[in-house]
Protein chains: 2
Amino acid sequence: MADPAERIVENEDAYALNAATVDAILAAVEAGERLRLIETLDHLHPADIADLLEQIDVSQRERLIELWGKDLNPEVLSELEEGARDLVLATLTPDQLSSAVQELETDDVVYLVEDMDEPQQEILLDALDDADRVAVEQSLTYDEYSAGRMMQREMVTAPEHWTVGDIIDFMRASDDLPEQFYDIIIVDPALKPVGEVRLGKVMAHPRTVKLSTLMEDEFRTIPVNQSQEDVAYAFNQYHMIQAPVVDEHGRLVGTITIDDAMDVLEDEAEEDMRLLAGVGDEEISDSTWAIAKRRFPWLLVNLLTAVIASIVISLFADTLEAVVALAILMPIVASMGGNAATQTLTVAVRAIATRDLTASNMMRVVRRELVAGTLNGVAFAIIIAIIGMVWFGIPMLGVVLAIAMVGNLAVAGLAGILIPIALDKAGADPALASGTFVTTVTDVVGFMLFLGLASALLL
Amino acid sequence: MADPAERIVENEDAYALNAATVDAILAAVEAGERLRLIETLDHLHPADIADLLEQIDVSQRERLIELWGKDLNPEVLSELEEGARDLVLATLTPDQLSSAVQELETDDVVYLVEDMDEPQQEILLDALDDADRVAVEQSLTYDEYSAGRMMQREMVTAPEHWTVGDIIDFMRASDDLPEQFYDIIIVDPALKPVGEVRLGKVMAHPRTVKLSTLMEDEFRTIPVNQSQEDVAYAFNQYHMIQAPVVDEHGRLVGTITIDDAMDVLEDEAEEDMRLLAGVGDEEISDSTWAIAKRRFPWLLVNLLTAVIASIVISLFADTLEAVVALAILMPIVASMGGNAATQTLTVAVRAIATRDLTASNMMRVVRRELVAGTLNGVAFAIIIAIIGMVWFGIPMLGVVLAIAMVGNLAVAGLAGILIPIALDKAGADPALASGTFVTTVTDVVGFMLFLGLASALLL
């Protein structure tokens, strides 16, 4: 064990991979100095090594893995993001792979093998002992983004009649307690969980006290088929630390701890953010070609919607030829609508995700967005009317700008809230209503209102 | 204690406030039936009641609080979002307020009083007993978004020489153990933490084993002035459950548990998302007027940038008058640039937040964004050139569109990555590079390239 003083991390820089450490590691890889590499990596947390592997380029990564060889820390594999994980797995020798899976917990093994082809999966599963293999195969039968995949099978349970003394004796006698557990799960004879007791409570009471008298008031089980998003929501909403997972008959099949829920919570927030911007689940380690390909479809959708907006403009070609000021000013109306819609959209998507937008306040929120959009529409109508009049000296141009601005900002508020609500009701992810779709509405309405009014009032 | 079977929540609908429950509560409030209200609320988690209070309208909220009266569950107050919390606090009677703070943990009291005026704070602090008051006042001396504000003072510590038996005896004799704790913090005689022991480990070993032999290999302390964002990052990165907080001399002053870190982690991701969309920290319970005011400044910034783009267009008024097709097509080039830039921007902001974009891979990522932008630029140049030629029958128009598209998407990639990096280096939040700023660049460059090339090649 290291000297305690040395293990204390005192400043925030110590949390991140600092440049000096990265340079030292890359220098060791460059020079092929195996011992120096191993020694430097030894001081890093597996999560930091995983970050390093994601950040360096492909050839450096390959040489590092090769040089690290049999000393490779298997926990680094379960810390990698999916894309980088597959690249690293591909560079491991069969020996490295099988010794790695033997050292990992079963939920980490599941993460490693879930995206593999059958034959490659088979090779890895063969490296496991029978009990672990059964556990991994069982996990793989659950849906990828369900509680069944998140849960661990290692847990501590006790029958209802046990006392504090019984569970302490049981734990002292047991030689394979889980790495992480915070609760004792109390089960009935049919293996259905009936409550949980915090470890702190157990330790605070004499040996003769019955566990069933120490159970938490609040107790929630998680159905094995529940989506990981709902699991994360429940952990966050109800401040849960650990919860039993049950099958369709209510029998205990595993347990989920808060750190797993925390991972999912961050992933889900990030996914919403990416969907809103029209980016898929690309990673920092992806190649140039990969990210260009991933972004292409969204840009194509945007091209189609932009062409629709252009077709709307082309309907007013005569008006544009007559008054060139319209061509100069029309992007302002469209841009303001697009921004106002994106504001509403972002708030709506988050509110749906955190279940703050529900049947009981939907009408009020929709009305609020419409009115707030109109209010800002009026404010900007005044500003833009003055700009338009002063710039081009045409008073009626100011009037046209003002009416178009109020109309477009009101529509922006409505589109920004109604499109995600409609997607949610249709069972789709509301964040799919990315900027692209909602701003198509504001572009089309903006150009149509502005140029249509101009045709009617200016010509 | 309720019947165990009743306490098991089996389906996901049970997690959310369902419409029937909300209706029952509002009906009870409407009818002024106090007992029915209390009974219905009794079945709900404080977090769900807080959500309900945020979702219903102002008058319903006031009547509910009034009817609930002295039975109001103080924990609901600490579950409310800031805006709603202040509104609810304003409707409480002084008696309700002081009995509420007496029941809460000190970190929850800090959350309630931190935004109050001095005189109002004083009234609440007077309701506390001396020890709690000192603890709350001490917390308030730390920065609002620091570890010092996140931490709780309630924790279990042990000197280095204690055994498993010593700590169990100590805990059994203690009558005010913290609600939440997962580790025993081992401290030296100067009160500096030297390690931590998981409760599960303590329970798994005989009474004679020394705690110092059971300490975790990995052990991190958190400086009391560290930003909450860094604290949340460390918990997530290193899978921490609980960590000691130390002052500048390395002495133990409190502890942070993972559930507090989880709250912050979600808040920070949400903040990035809102900043990107140009929305402040508005809440679902805010009034129409409040959200219109909060969004106004960002829309004003957008108006200024849109006017800049219009000024660029006005430089080419003659060209637009000569070829009206340019006015019809120019929004396409600008829109594609804006979308491509938003994609890059979103990825960059997240990568900086999760520390995946660092000095060691910055050059590679910038180069990648530039090349990926150019690749998609070429792909869309071909598509848009064909559209332009077929639609308007002017081959050179296709060439102009194509060159402008490649140029603008390359610039979009660069702006999307360089602007957030520059903001981060300047010490600002990279998410401040909201759509508005980055798309100004692509609008200006898009219009300039397209109309400039058209002037040179088409006239």
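1. Keep in mind as you look that the model is predicted. Ser285(A) sits in the loop that joins helix H16 (258-277) to helix H17 (288-314) of chain A. Leaving aside residues up to four places away in sequence, Ser285(A) touches Glu54(A), Arg61(A) and Ala84(A), and also Arg368(B) from the other chain.

2. The side chains of Glu282(A) and Arg295(A) form a salt bridge, at 2.6 Å from N to O. Glu282(A) belongs to the loop between H16 and H17 of chain A, while Arg295(A) belongs to helix H17 of chain A, so the pair ties together parts 13 residues apart in sequence. Both Glu282(A) and Arg295(A) are buried.

3. Now for the contact between the two chains. Chain A contributes 148 residues and chain B 149 residues. Together the chains bury about 13100 Å² between them, with 62% of it on carbon and sulfur atoms. The count of residue pairs in polar contact between chain A and chain B is 48. On the side of chain A that touches chain B, helix H19 (residues 324-353) of chain A supplies the largest share, 19 residues. That side of chain A divides into 83 nonpolar, 30 polar and 35 charged residues.

4. Which charged pairs cross the interface? There are 6 salt bridges between chain A and chain B. Glu270(B) and Arg350(A) meet in a salt bridge through their side chains, at 3.0 Å from N to O. Please also look at the network of salt bridges that links Glu266(A), Glu270(A) and Arg274(A) with Asp272(B) and Arg350(B). Over all chains, the structure holds 46 salt bridges.

5. Chain B has its own pairs to inspect. Arg149(B) and Glu114(B) meet in a salt bridge at 2.7 Å, N to O. Arg149(B) lies in helix H12 (residues 147-150) of chain B and Glu114(B) in the loop between helix H9 (106-113) and helix H10 (118-126), so this pair ties together parts that are 35 residues apart in sequence. Arg149(B) counts as buried because its relative accessibility is 15%, and Glu114(B) counts as buried at 18%.

6. Is each partner in the Arg251(B) pair buried or partly exposed? Arg251(B) forms a salt bridge with Asp247(B), and their closest N and O atoms are 3.7 Å apart. Arg251(B) is partly exposed, at 36% relative accessibility, whereas Asp247(B) is buried, with a relative accessible area of 14%.

7. Helix H4 (residues 46-55) of chain B is worth a look too: 10 of its 10 residues are buried.

8. Finally, the annotations for chain A. An unreviewed UniProt entry places the feature "transmembrane region" at residues 296-317, 323-349, 370-394, 400-423 and 435-458. In the model, residues 296-317 are 91% helix and 0% strand, with end C-alpha atoms 31 Å apart. Residues 435-458 are 100% helix and 0% strand, and their end C-alpha atoms lie 32 Å apart. The unreviewed entry also gives "domain: CBS" for residues 215-271 of chain A. That span is 42% helix and 23% strand, and its end C-alpha atoms lie 37 Å apart.

Key
Residues are numbered from 1 along each chain as its sequence is written. Chains are lettered from A and ligands numbered from 1 in the order in which they are written. This is a predicted model: local features need pLDDT of at least 70, side-chain atom pairs count only at pLDDT 80 or more; totals for chains, interfaces and linings use all residues. Side-chain values use heavy atoms; hydrogens and water are left out. Buried means under 20% relative accessible area, exposed over 50%, partly exposed in between (1.4 Å probe, protein chains only). Helices (H or I, at least four residues) and strands (E, at least two) are DSSP runs, numbered from the N terminus. Contact means heavy atoms within 4.5 Å. Buried area is the accessible area (1.4 Å probe) that two parts lose on being put together, summed over both. A salt bridge is a side-chain nitrogen of Lys or Arg within 4 Å of a carboxyl oxygen of Asp or Glu. A polar contact is a pair of N or O atoms within 3.5 Å; within protein, one must be able to donate a hydrogen and the other to accept it, and residues adjacent in sequence count only if both atoms are side-chain atoms. Ala, Val, Leu, Ile, Met, Phe, Trp, Tyr, Cys and Pro count as nonpolar, Asp, Glu, Lys and Arg as charged, and the others, Gly among them, as polar. UniProt positions are given in the numbering used here, feature names are shortened, and annotations may be inferred rather than shown by experiment.
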